[in-house]
Amino acid sequence: MATADVQSGTETAMMEAVVLQQYGGAEKLKLTSIPRPKITADQILIRVHAASVNPIDWKLRKGMLKWFMPDQLPAVLGFDVAGEVAQVGYSAKQQGWNEGDRVMAFSDRTVGGCYAEFVAVNAKYVVPKPQGFSFEEAAGIPLAATTAWKSLVKLGQLRSGDEVLINGASGGVGTFAVQIAKALGAHVMAVCSEANHELVRGLGADELIDYHATNFTRIGREFDIVFDAVSSSSFLECRRLLKPNGHYVATLPSVENVGFSVFSKFQKQSCHIVLARPDHDILKALASLANEGKLRTIVDSVYPLTDVIAAHQKSETGHVVGKVILNVVPDASYQESDQD
Ligand SMILES: NC(=O)c1ccc[n+]([C@@H]2O[C@H](COP(=O)([O-])OP(=O)(O)OC[C@H]3O[C@@H](n4cnc5c(N)ncnc54)[C@H](OP(=O)(O)O)[C@@H]3O)[C@@H](O)[C@H]2O)c1
């Protein structure tokens with residue numbers, strides 16, 4: 001699809017990308033032809049096969065996080081990508097990357113840039129695509145699974161044998177959180193709608209609660225970690241669920257939880273708000289788990305890039321199961337023998 005645009009005798013490589021020109025509804029996302037990104041020495045240009053939609057994308061689109069991207073419009077959204085290496089910067093080449101390598105990456109650009117045919121990403125945040133994963137499945141991993149890993153392992157200090165409660169276990173972050181906690185030897189109680197219990201049990205959950213029927217903050221049990229992946233609770237409500245040195249981790253910064261995250265620094269029971277950022281070590285750990293068969297992506301739905309509006313609308317319902325994926329180059333267009 002990429003075309004060349006001849007401007008005053010010099011050719012500019014162009015690409016198709018979904019561009020956000022103005023904040024607003026999903027209809028503000030427009031498929032447009034723009035120049036292909038140019039890479040620096042430490043970057044890799046990835047030919048995007050698949051990207052994923054995270055709730056932060058539509059929050060950015062609506063202008064809910066303007067402080068995060070002041071004066072950044074027009075912008076190309078999307079932090080998650082899986083694809084093939086198209087070009088390698090000089091320093092990245094020294095690290096062993098080659099054109100044609102199949103990779104997944106967590107984009108370190110301000111608002112991502114992955115809803116496009118090509119994206120330039122710092123080589124630190126690129127890892128080989130896990131064996132046996134389609135590009136669509138791999139694209140679901142970076143941001144959501146990094147959030148889950150950082151919440152449980154870095155902030156929650158997860159150890160084998162810990163008892164962990166995960167609220168929002170059926171979502172993008174939650175489905176990875178259940179699997180990571182199990183892979184690291186925890187006992188997992190998962191909170192999600194009854195309709196998703198079978199799926200989440202299949203991911204490894206030991207016990208399940210239907211949030212429509214039971215208020216998990218009142219179950220009278222104690223955990224080493226309470227990870228609220230959808231942030232429907234507060235530290236104050238969950239304190240009674242924590243063991244004396246337990247950790248509460250939320251994904252959204254409510255005023256109350258931000259206050260407690262400061263206050264609890266002086267207490268044994270801690271409150272944290274996770275902030276997912278591209279992290280080389282976490283991405284490598286996630287790829288290892290995936291290669292060992294301990295992490296898989298639950299794909300809620302796949303949309304072609306041309307249907308990005310419908311993909312955003314789906315994510316905004318707040319009721320997806322696993323990940324919403326954008327397909328840029330369909331996996332089916334590759335020879336069977338090309339698949340891992
Ligand atoms: N701070 C960070 O760095 C960071 C990183 C990633 C995500 N986040 C935030 O974390 C939140 C979750 O992200 P996500 O990607 O997992 O979202 P998601 O995939 O859209 O989550 C949807 C899931 O949440 C479940 N859910 C909704 N309300 C629930 C409730 N009250 N109790 C239990 N489950 C509920 C839904 O199940 P039902 O259909 O059964 O309701 C659905 O399966 C978002 O707000 C996102 O912006 C923050």
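**Domains, ligand shell and a helix pair**

User: How far apart are the centres of domain 1 and domain 2?
Analyst: In this predicted model, the centres of domain 1 and domain 2, taken over C-alpha atoms, are separated by 29 Å.

User: Which residues belong to each domain?
Analyst: Domain 1 covers 4-141 + 298-338, and domain 2 covers 144-273. Their contact uses nine residues from domain 1 and nine residues from domain 2.

User: What classes are on the side of domain 1 that touches domain 2?
Analyst: That side of domain 1 has five nonpolar, three polar and one charged residues.

User: Switching to the ligand. How many residues surround the ligand, and which are the closest?
Analyst: The ligand is surrounded by 30 residues, and the closest are Gly171, Gly172, Ser193, Thr251 and His319. The elements giving two or more residues to this shell are α1 (55-61), α4 (142-155) and α5 (172-183).

User: Which one gives the most?
Analyst: α5, with three residues.

User: And the shell by class?
Analyst: The shell around the ligand has 15 nonpolar, 15 polar and no charged residues.

User: Where does the ligand lie relative to the domains?
Analyst: Domain 1 and domain 2 both give residues to the shell, so the ligand lies between them.

User: Back to α4 and α5. How do their axes cross?
Analyst: The axes of α4 and α5 come within 8 Å and cross at roughly 50°. That angle makes α4 oblique to α5. The crossing of α4 past α5 is right-handed.

User: Which residues meet there?
Analyst: From α4, they include Ala144, Thr147, Trp149 and Leu152; from α5, they include Gly172, Phe176 and Ile180. By class, the contact of α4 with α5 has 10 nonpolar, three polar and no charged residues.

Definitions and conventions
Residues are numbered from 1 along each chain as its sequence is written. This is a predicted model: local features need pLDDT of at least 70, side-chain atom pairs count only at pLDDT 80 or more; totals for chains, interfaces and linings use all residues. A residue is near a molecule or strand if its C-beta atom, placed from the backbone, lies within 6 Å of it. Helices (H or I, at least four residues) and strands (E, at least two) are DSSP runs, numbered from the N terminus. Ala, Val, Leu, Ile, Met, Phe, Trp, Tyr, Cys and Pro count as nonpolar, Asp, Glu, Lys and Arg as charged, and the others, Gly among them, as polar. Domain bounds come from an automatic or database domain assignment. Two residues are in contact if their C-beta atoms, placed from the backbone, lie within 7 Å. Axes are lines fitted to C-alpha atoms, for helices over the stretch in contact, and angles run from 0 to 180 degrees between N-to-C directions. Angles under 35 degrees count as roughly parallel, over 145 as roughly antiparallel, 65 to 115 as roughly perpendicular and the rest as oblique. A crossing is left-handed if the near helix is turned anticlockwise from the far one by less than a right angle, and right-handed if clockwise.
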